[in-house]
Amino acid sequence: MAHHYSGPDFSFPHGDARVDHTDLFAFPAPQHTARSVLVIDVHPSFGINPPGPTTTEPFAPEAIYELKVDTNGDGVAEVAFRTRFSAANGAQSATVLRVEGPDAAGIGEDGHAVVSDAPVSAGHEAHVTNSGDYRFFAGWRSDPFFFDAEGVLNDFQFTGNDFFVDKYVCSMAFELPNEALGGSGPVALWHRILVPGGNGDGGWIQADRGARPSQSVFFSPGDEKAAYLAGDPATDARFVDSFVHVLEHAGGYSPEDARRVAGTLLPDVLPYDPSEPAVYPHNGRTLMDDVADYFLTLFTNGKVTDDGIGHHTDLLSEFPFVGPPHGSYGA
């Protein structure tokens, strides 16, 4: 289920839907070869444990939503984008800070503001903020992820229904120069969400993180899930054995093949070369890439290859590309 419901037993991390990372997309900007589009989705509008609608407040003002960029393949960020939101007193606004160098790898609240006071869209219309070389959007959107989740959870007895077709998420979309990612060459991307540590000392803890779809949901056993969500790509090798165990039991892989496949899934980063077309899992991810079919094929060792669900038809042809919400969220 992409990265939705990544907390224990398909709940939300820390019991808070607003800090649930769901998906990360990266692709070249159409008709702009020197620019890229990054879309980060969080906060599912509907929960399954417990079931029912989540809060209508889009983003957590106490949290830091942070996009990490590794430019040299060491699993450590050299560039980071930190997005903070105001309290939702009728409407929220966003500020995006860019930080590079050693500070990008750590936890902090500093950085150079590249977007300031951008309005968060609560309805159908997408309010886009232009700020120098950046375009930015934040707000409720139709969830672009497509998957027969009920069928997968019912031992791959597919229903023909897309669980996410009428659901919503909160999107953060960036259009930026490729150089802002630390250069024009290949990078590795991931997203994480930080929340206050709760001990009053101003510290932060990592509530969720992700890049590749479905990994924390299906590959992290209960006793390791918290460590995985709080983890970092540079130390993801410690989870290889857990991934191997799942692949052996779910897909019937041999121990050797399970370890080989696990090695392709860790570290949990999204490789992206802005000079090449985007196609998951090799380079970035578009809003129409069928990541569910790729995951099913890998997870079952080729026994199941298709859930019969196609991409959503409400995507936009222009920035921010994610479709508008409808129903009560699109009023």
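Lysine 68 stands opposite tryptophan 190 in β12. That pair belongs to strand β5, residues 64-70, which runs antiparallel to β12 and is joined to it by seven bridges. Two strands count as paired here if DSSP finds at least two bridges between them. Strands themselves are DSSP runs of E, at least two residues; helices are runs of H or I, at least four; both are numbered from the N terminus.

A word on the source. This is a predicted model: local features need pLDDT of at least 70, side-chain atom pairs count only at pLDDT 80 or more, and totals for chains, interfaces and linings use all residues. Residues are numbered from 1 along each chain as its sequence is written, and side-chain values use heavy atoms, with hydrogens and water left out.

Back to β12. It has further partners. Six bridges join β12 to β13, residues 204-210, and the two run antiparallel. There, proline 196 stands opposite tryptophan 204. Three bridges join β12 to β14, residues 270-272, again antiparallel. Leucine 189 faces leucine 270 in that pairing.

How many of the 10 residues of β12 are buried? Nine, so this strand, residues 187-196, is largely enclosed by the rest of the structure. Buried means under 20% relative accessible area, exposed means over 50%, and partly exposed is in between, with a 1.4 Å probe and protein chains only.

Next, the open sheet. Five strands, order β1-β2-β11-β10-β9, antiparallel pairing. The edges are β1 (21-29) and β9 (129-131), each pairing on one side only. From one strand to the next, the twist averages 15 degrees. Inside this sheet, eight bridges join β10, residues 134-142, to β11, residues 168-177, and the two run antiparallel. Alanine 138 stands opposite methionine 172 in β11.

Now the helices. How are α4 and α5 oriented to each other? The angle is about 125 degrees, and the axes are 8 Å apart; α4 covers residues 240-251. Axes are lines fitted to C-alpha atoms, for helices over the stretch in contact, and angles run from 0 to 180 degrees between N-to-C directions. The two helices are therefore oblique to each other. For cut-offs, under 35 degrees is roughly parallel, over 145 roughly antiparallel, 65 to 115 roughly perpendicular, and the rest oblique. The crossing of α4 and α5 is right-handed: the near helix is turned clockwise from the far one by less than a right angle.

Who touches whom? On the α4 side, the residues are Val240, Asp241, Phe243, Val244, Leu247 and Glu248; on the α5 side, Pro255, Ala258, Arg259, Val261, Ala262 and Leu265. Contact means heavy atoms within 4.5 Å. By class, that makes nine nonpolar, no polar and three charged residues. Nonpolar covers Ala, Val, Leu, Ile, Met, Phe, Trp, Tyr, Cys and Pro; charged covers Asp, Glu, Lys and Arg; the others, Gly among them, are polar.

Last, the backbone. A cis peptide bond joins asparagine 49 and proline 50, with omega about 0 degrees. Proline 50 lies in the loop between β3 (46-48) and β4 (51-53). Another cis bond joins leucine 266 and proline 267, omega also about 0 degrees. Proline 267 sits in the loop between α5 (255-265) and β14.

Then phi. Phenylalanine 10, in the segment before β1, has a positive phi of about 60 degrees although it is not a glycine. At 26% relative accessibility, phenylalanine 10 counts as partly exposed.
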